[in-house]
Amino acid sequence: MEKIAVFPGSFDPFTIGHESIVRRGLGLFDKIIVAIGTNTGKADYFPLETRLRWIKNVFNDEPRIEVDSYGSLTVDYCKKKNARYLLRGLRTAADFEYERAIAQVNHAMEKDIEVVFLLTLPEHTFITSTIVREIIKYGGDARKFLPEAIDLGEVNP
Ligand code: ADP
């Protein structure tokens, strides 16, 4: 049976930290669906369509990666896509506490779905979408934190 994982997030924007988790995940899964959750309660900075396009550009060369968005419970979305794994990245102890709660709730709701965590590379530990957004908002150069395929010229929220 094909091993399909969903990598859910806001990706507002998608950073090199996210990209690294997905590329490393390709060693573990047959297919990864990068899925933008649209019901997280977080206000969007970049429009959904822009975020989808950016992530598609990043993985243009990789047929085993699909890019999508969803507006339901993450476990329901996984079932719809026949995904038995949720992929998440862990940076810090704060991430761990947050992720532990979500993972345990998800597992309690859907026993057949396992959450798989990859520890971030040391050089990506400090990269957060929030900080990258702030840099962009105030006109700084955020390119070194973004995958090359993301065109900052398109940054027009
Ligand atoms: P969410 O709104 O679900 O927290 P994010 O877009 O912030 O979505 O993050 C999606 C996933 O990527 C989470 O598992 C998060 O821990 C992970 N992640 C975020 N930044 C990094 C990074 N720099 N390195 C590795 N993983 C990261």
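P13 is placed in the loop between β1 and α1, where helices (H or I, at least four residues) and strands (E, at least two) are DSSP runs numbered from the N terminus. The structure is a predicted model, in which local features need pLDDT of at least 70 and side-chain atom pairs count only at pLDDT 80 or more, while totals for chains, interfaces and linings use all residues. Residues are numbered from 1 along each chain as its sequence is written, and side-chain values use heavy atoms, with hydrogens and water left out.

The peptide bond that joins D12 and P13 is cis, with an omega of about 5 degrees. The loop between β1 and α1 also holds F11, a residue other than glycine whose phi is positive, near 50 degrees. Most residues other than glycine have a negative phi, and most peptide bonds are trans. F11 counts as buried because its relative accessibility is 3%, buried meaning under 20% relative accessible area, exposed over 50%, and partly exposed in between (1.4 Å probe, protein chains only). F14, found in the loop between β1 and α1, likewise counts as buried, at 1% relative accessibility. A positive phi, of about 60 degrees, is also found in N82, which is not a glycine; N82 lies in the loop between α3 and β4 and is exposed, with a relative accessible area of 59%.

The largest pocket has a volume of about 1000 Å³. Of the 44 residues that line this pocket, P8, G9, S10, R88 and Y98 are the closest to its centre. On a 1 Å grid over the protein atoms alone, a pocket is an open set of points where a 1.4 Å probe fits, with protein on both sides within 12 Å along at least five of seven lines, and lining residues have an atom within 4 Å of a point. Grid points are joined across faces, edges and corners, and the volume is the space filled by probe spheres set on the points. The largest share of the lining, 8 residues, is supplied by α4. By class, the lining of the largest pocket comprises 18 nonpolar, 17 polar and 9 charged residues, where Ala, Val, Leu, Ile, Met, Phe, Trp, Tyr, Cys and Pro count as nonpolar, Asp, Glu, Lys and Arg as charged, and the others, Gly among them, as polar.

Elsewhere, L73 lies in the loop between β3 (65-70) and α3 (74-80) and, at 44% relative accessibility, counts as partly exposed.
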